[in-house]
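Visitor: I'm new to this one. Can you walk me through it?
Guide: Happy to. Here it is.

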Amino acid sequence: MTSHREPKASPRVRLIMLACLIPLIVATIAGLFVLWPSGPDEELPGGGPTTNTAEGTTDTKVTVTAVDASDCDPGETDPMVQADCTTYTVEANGRQGSLYVTPDAVEAGVDVGDTIKVLDFTQSPDREEMGTDYVFIDFDRNVPMLALAILYAVIVLLVAGLRGLRALIGLGFAGAVLFVFMLPAMLDGKPPLLVAMISASLIMVIALYLAHGISTRTSTALFGTVLGIVITGILGAWMTSWANLGIAYSEDGYLLVDTTDLGMTDIIVCAILITGLGVLNDVTITQASAVWELAAAAPEMKPAQLFARAMRIGRDHIASTVYTITFAYVGSALMTLIIVSAHDQPLIDTFTLGDMSVEVVSILVCSIGLVVAIPLTTGLGVLVVKSGVRPPRRPTGSAAASGAITADGLAGDCPR
């Protein structure tokens, strides 16, 4: 390597980048204030997953103390039958009570000692009609999931050190933006696409600079991400309209469309933007780093050569990231895909109907955005880094001749 110092952009280029960055930050902050949700948080009809509309019901946690399956026929394996013939006894706040367990939970297995989340009907007028004190909601997974999160944080800190800590802080900030600003603002009736763009911009600025430091390299990745997000948003909005994806196919979709001012098209475009944001952050910072490291290793390379070599890395990243997006969806929708594969219908019909078409469009739009963002980021990085890189000086002709004469002279003076 001919240089161990990180190349720096020229003062003029740094000034131009600053002139572009300041309006972006100002517009983001202004949009945050203008679009901040003004009304109080309102719950959607029907409550949440751990609530019930019945009078007097609450949600709580209980511990299973006894499981009696003596009323079931020997060898009974039907969960529907087992749910009716098995008696569960639980304890909550020192008081014993009966529990009804749903068939899917019976099949998963509810054993003595398990802590579960339930609906409490002990103070409800519907207690006699229900015939039980508690109704199963779900298993209590707080402890194992918290342990997994702590393990993840520890491994990141051990491997990535201080940069890993900054990345975790940036991840927490991104979650706060989504749950404190973006989602409440969308429910408050603010323009969903504009809210998503402001949220993405805020997450990009804070997360990138926090994780990778304030430098022209990070700024290059930021501008590449912005360009990718703009392309993804425009393409996503056009494609959802052209493909007529504004139909609610799930219960959650029906609930949002019927009880809020949100449209399915807006929700889908916002989902595409947030999905693309995570992928674009990855590829743009990688490409910017590749350009800087190549320029540091070989400052004599011409801009075209630097771009070509950085794009070799970018092409590998394109291939691996496209696989990542596709396999991530396959993993999250595996149950749906299993059901779909059991039906005898053409593959093209499978992937162009219902929620499947939404996911396919999301994968393709995000993939196009990241593929376009890589050469844009690479080209921008080459322009920035070459503005401050000066190739090492070569000896002049007279100096070279003098060196040769001196060498010959020394050679002549040496004994043979």
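Visitor: What should I know before we start?
Guide: This is a predicted model: local features need pLDDT of at least 70, side-chain atom pairs count only at pLDDT 80 or more, and totals for chains, interfaces and linings use all residues. Residues are numbered from 1 along each chain as its sequence is written, and side-chain values use heavy atoms, without hydrogens and water.

Visitor: How many helices and strands does the protein chain have?
Guide: It has 14 helices and 5 strands. These are DSSP runs, numbered from the N terminus: helices are H or I with at least four residues, strands are E with at least two.

Visitor: How much of the chain is buried?
Guide: Of its 416 residues, 37% count as buried. Buried means under 20% relative accessible area, exposed over 50%, partly exposed in between (1.4 Å probe, protein chains only).

Visitor: New topic. How many disulfides turn up?
Guide: The search of the whole structure finds 1. A disulfide is a pair of cysteine sulfur atoms within 2.5 Å.

Visitor: Which residues does the disulfide join?
Guide: Cys72 and Cys85, with 1.8 Å from S to S. Cys72 sits in the loop between strand S1 (58–68) and helix H2 (79–85), and Cys85 in helix H2, so the pair ties together parts 13 residues apart in sequence.

Visitor: Why is the disulfide right-handed?
Guide: Because the torsion about the S-S bond of Cys72 and Cys85 is about 95°.

Visitor: Is Cys72 buried or exposed?
Guide: Cys72 is buried, at 14% relative accessible area. Cys85 is buried too, at 13%.

Visitor: And what about Cys270 and Cys366?
Guide: Cys270 is buried at 3%. Cys366 is buried at 2%.
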